[in-house]
Amino acid sequence: MKSPYKAILFDLFGTLISVSKAAGDGGRYTADILDLDRKAWNQACFSEHHDILSETDPVETVRRMAHSLDPTIPLSTIRKAAEVRQIRFDTALTDIEPGIIKALERLNDRGLSLGLISNASTGEVRAWSDSPLAPLFKTAHFSCKHGVKKPEPEIYRMALAEMEINSNQALFVGDGSSNEHLGAKKCGIDSLLVTYFLDTKNKDDLKRRGLGSKGTISHIRELQSRL
């Protein structure tokens, strides 16, 4: 049976790359440098204190989030945390797992157009142009450049328009952050939850992340057999 899809739209963080894995391989966690609870820091990263809708300075980005949790953290500590955080994000974007690259190349070989939709602040995607992922994608839409974020329908529709396809011709694939599958569903886009970089033992979290999706895959290589 011929697949109805002409394009696949991917999330970036937690789907194609893992920043926390980059920390484990060479670099301290930002929360540890700031002497903050990791869970609290992660929540701050997904809060209104993290500006992902405009061009921002990486140090100021860290300062705003850090001071929302503890306003007494010295600026010198914040600068150090921002420096290490930047290295981690740059590394995550430039050191891509070979299996991820191969899976994307195979999708391109099948004639599928690939698009990217990512919620991110400026520093987090600074190294995108240097990433081996970049040449594999026809379009890349970052919230900090377009002023709109997932799950708002507009950012999905921007990608569809640039790729010149209808919503029923696209498949969205992501780790389920920011209710992104519900956003895709509102636009009439089918979607799949990918769990490769997630804690699959946390069933409640997986259920929440999968809301709006039409199924689950453990790795994007499985798309070959699902399309």
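Select Asp35 to begin, in the loop between helix H2 (30–33) and helix H3 (38–45), where helices (H or I, at least four residues) and strands (E, at least two) are DSSP runs numbered from the N terminus. This is a predicted model, in which local features need pLDDT of at least 70 and side-chain atom pairs count only at pLDDT 80 or more, while totals for chains, interfaces and linings use all residues. Residues are numbered from 1 along each chain as its sequence is written, and side-chain values use heavy atoms, with hydrogens and water left out.

Asp35 has a positive phi of about 60° although it is not a glycine, and with a relative accessible area of 71% it is exposed (buried means under 20%, exposed over 50%, partly exposed in between, with a 1.4 Å probe and protein chains only). Most residues other than glycine have a negative phi, and most peptide bonds are trans.

Then select the loop between strand E4 (170–174) and helix H9 (180–186), which holds Asp175. At 4% relative accessibility Asp175 counts as buried, and its contacts (heavy atoms within 4.5 Å), not counting residues up to four places away in sequence, include Asp11, Phe13, His181 and Arg209. Asn179, also in the loop between E4 and H9, has a positive phi of about 55° although it is not a glycine, and is partly exposed, with a relative accessible area of 38%.
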